[in-house]
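Please examine the sequence and the structure shown below before reading on. The paragraphs that follow lead through the helices, the core and a few individual residues.

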Amino acid sequence: MNHRLKNPDRYPQEIHNKIIQDVLQRGTTFSYIGLYRTLKEVGGNYIRIGDSKAKLFVAYYISKNFIQKKDAGLYQINPL
């Protein structure tokens with residue numbers, strides 16, 4: 001598998017599940033900066049991920065309802 005893919009939808013669901021589970025181990029609610037930095041850190045265990053790709057993953061997870069944007073600029077991770 002090419003771990004340099006840019007679009008989150010090109011990765012298998014199992015990679016997303018692992019990333020979300022790892023993020024959940026660190027907390028359930030994050031600021032935007034905290035969220036993409038955590039995604040970058042835990043995602044690095046599975047794929048090549050920098051700031052730009054981590055931000056794409058945040059948007060992807062919001063669109064798939066893995067993450068919900070809450071009041072006051074906070075983001076909540078939904079359990080799988």
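Is K40 buried, exposed or partly exposed? K40 is partly exposed, with a relative accessible area of 32%; buried means under 20% relative accessible area, exposed over 50%, and partly exposed in between, with a 1.4 Å probe and protein chains only. The model is predicted: local features need pLDDT of at least 70 and side-chain atom pairs count only at pLDDT 80 or more, while totals for chains, interfaces and linings use all residues. Residues are numbered from 1 along each chain as its sequence is written, and side-chain values use heavy atoms, with hydrogens and water left out.

K40 also takes part in a salt bridge with D51, where the closest N and O atoms are 3.0 Å apart; a salt bridge is a side-chain nitrogen of Lys or Arg within 4 Å of a carboxyl oxygen of Asp or Glu. Because D51 lies in helix α3 and K40 in helix α2, the pair ties together parts that are 11 residues apart in sequence. Helices (H or I, at least four residues) and strands (E, at least two) are DSSP runs, numbered from the N terminus. D51 is partly exposed as well, at 34% relative accessibility. A search of the whole structure finds 2 salt bridges. Another pair is E41 and R26, whose side chains meet at 2.7 Å, N to O. This pair links helix α2, which holds E41, to helix α1, which holds R26, across 15 residues. R26 is partly exposed, with a relative accessible area of 45%.

Helix α2 itself has 12 residues, and its end C-alpha atoms are 16 Å apart, in agreement with the 16 Å that it should span at 1.5 Å a residue. The expected span is 1.5 Å times one less than the number of residues. Within α2, L35, Y36, T38, L39, V42 and G43 are buried. Seen down the helix axis, these buried residues fall within an arc of 160°, so they line one face of α2; the arc is that of the directions from the helix axis to the C-beta atoms. They pack against α1, β1 (29-31), α3, β2 and β3, contact meaning heavy atoms within 4.5 Å.

In soluble globular proteins, nonpolar side chains tend to be buried together. Here, the largest nonpolar core has 22 residues, such a core being a set of buried Ala, Val, Leu, Ile, Met, Phe, Trp, Tyr and Cys residues joined through side-chain atoms within 4.5 Å. The residues with the most contacts inside this core are I19, V23, L35, L39, F57, Y61 and I77. The elements α1, α2, α3 and β3 (74-77) each give two or more residues to it. Leaving aside neighbours within four places in sequence, I77 is in contact with residues including I20, V23, L35 and F66.

In the segment after β3 lies N78, which is buried at 16% relative accessibility. The side chain of N78 reaches the backbone oxygen of N65 at 2.7 Å.

Note on methods
A polar contact is a pair of N or O atoms within 3.5 Å; within protein, one must be able to donate a hydrogen and the other to accept it, and residues adjacent in sequence count only if both atoms are side-chain atoms.
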